[in-house]
Amino acid sequence: MQDFTYTSAAARVIFGAGSLRHLEREVELLGARRALVLCTPEQTAIAQQVADRLGERAAGVFAGAAMHVPIETARAARAEAARLGADCAVAIGGGSTIGLGKAIALEEPAGRFPILAIPTTYAGSEMTPIYGITEAGVKKTGKDLRVLPRTVIYDAQLTLTLPVGLSMTSGLNALAHSAEGLYARDGNPIMALLAEEGIRALAQALPQVKADPADIAAREQAQYGAWLCGTVLGNVGMALHHKLCHTLGGSFNLPHAETHAVILPHAIAYNAAAVPQAVAALRRALGADDAARALFELNLKLGAPTSLAALGMPAEGIALAADLATQNAYWNPRAIEREAITALLERAHAGLPPA
Ligand code: NAD
């Protein structure tokens, strides 16, 4: 076995349909008295219910969370937290809302402004010390333990309203974290176990959620998978797949989760020969002989996009994307070769199965 370093970040997880009922207890355990409840404008009703449940322990609701955490939103939320004398954030929603909580906590001394996250998508931000803030159109990301939520409540009841399309793409986004986590340079056997189990759980649950979005057992299974995949993202570094998605998203304004769905089968095919152990784990998790092909077929089964063209990327953009993907050096198990990356992008653009 290879030597490795494993650091466990302590988060308390309350799991189970209906577990929102433990909210007051959990805020109290954090030692907080005035929670600022965060949400997007679309989730105001559920956030208000959370605030009502907290009663005097709720300082107020800030319903301004937005995709990619614009700096203006972060500033407004920080000002509101200060004005209300809030001493913790209760973030109910997806990666955008939890990201807003992180943007507030980032400005506070360590431990002063804990986040209690109640995720309602499968993105996994609640399990990572990674934050992102967008200023003048540029998203800056970083890692800081101050932003790692201290408590996470996974209540599958709250995911029943997540539209099927978003459920599929956000679940596939989570799965991508674990797929790359299986061959991370700083990986370790514990994260490999979580990654394989997370992929297995999501690959099993997502088709069931698609067939019946009200299937609470399937929703729980998907959330369990998303938790594990988020943990992997928070603990090990990513490679080609995530860099490509970041480049494509930034350069062509492609939607985040959908881009992940399209690229993952191709990124896995690109790296496969260099990472036999990871491929073996993927095969086991997906119950298939050809892992990349199985991921492509999973996209089809879930009705997720399989082509960059369908997401709005112009064919002329392939050369620029290949340039950008090969310019900035980053670690990947297989060397980043311009010709092979171009071929990968061409197939992904056309919606062809991975080579
Ligand atoms: P999101 O938070 O942007 O939510 C998308 C929309 O779905 C919003 O309008 C939201 O209100 C709505 N929604 C969420 N849950 C719902 C529910 N249960 N029912 C009905 N509507 C619901 O989407 P996301 O995919 O969770 O997050 C994406 C963002 O998170 C991106 O900016 C991404 O970069 C970031 N992210 C960060 C990390 C990290 O570790 N920092 C990890 C994953 C994603």
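Which helix holds both Glu 80 and Arg 83, and how many residues apart are they? Both lie in helix α3, three residues apart, or about one turn of the helix. This is a predicted model. In it, Glu 80 and Arg 83 form a salt bridge, with their closest N and O atoms 3.0 Å apart. Arg 83 is exposed, because its relative accessible area is 61%, over the 50% cut-off.

Side chains of opposite charge can pair when their charged atoms come close. The structure holds eleven salt bridges. One of them joins Glu 26 to Arg 12, with the closest N and O atoms at 2.7 Å. Glu 26 sits in helix α1 (residues 23–29) and Arg 12 in strand β1 (residues 12–15), so the pair ties together parts that are 14 residues apart in sequence. The two partners can be compared by accessibility. Glu 26 is buried, at 1% relative accessible area. Arg 12 is partly exposed, at 39%.

Helix α3 takes part in another pairing. Arg 75, in helix α3 (residues 71–84), partners Glu 135, in strand β6 (residues 130–135). The closest N and O atoms of this salt bridge are 4.0 Å apart. The pair links distant parts of the chain, 60 residues apart. Glu 135 is partly exposed, at 38% relative accessibility. Arg 75 is partly exposed too, with a relative accessible area of 48%.

Thr 151 lies in strand β8 (residues 151–154). Is Thr 151 buried or exposed? Thr 151 counts as buried because its relative accessibility is 2%, under the 20% cut-off. Leaving aside residues up to four places away in sequence, Thr 151 touches Arg 12, Ile 14, Glu 26, Leu 30, Ile 115, Leu 116 and Ala 117. Both partners of the Glu 26 and Arg 12 salt bridge are among these contacts.

Step back to the whole chain. The domain assignment gives domain 1 (12–159) and domain 2 (164–350). Their C-alpha centres lie 26 Å apart. Across the boundary, 20 residues of domain 1 are in contact with 19 residues of domain 2.

What do the two domains bury between them? About 1700 Å², 64% of it on carbon and sulfur atoms. On the domain 1 side, Phe 15, Tyr 122 and Met 127 lose the most area to domain 2, together 40% of what that side buries. The count of salt bridges between the domains is zero. Polar contacts join five residue pairs there. The domain 1 side that touches domain 2 has twelve nonpolar, six polar and two charged residues.

Technical notes:
Residues numbered from 1 in each chain as written. Predicted model: local features only at pLDDT ≥ 70, side-chain atom pairs only at ≥ 80, totals over all residues. Heavy atoms only, no water. Domains from an automatic or database assignment. Contact = heavy atoms within 4.5 Å. Buried area = accessible area lost by both parts, 1.4 Å probe. Salt bridge = Lys/Arg side-chain N within 4 Å of Asp/Glu carboxyl O. Polar contact = N/O pair within 3.5 Å; in protein donor to acceptor, adjacent residues only side chain to side chain. Nonpolar A, V, L, I, M, F, W, Y, C, P; charged D, E, K, R; others polar. Helix = DSSP H or I, 4+ residues; strand = E, 2+ residues; numbered from the N terminus. Buried < 20%, exposed > 50% of the residue type's maximum accessible area, 1.4 Å probe, protein only.
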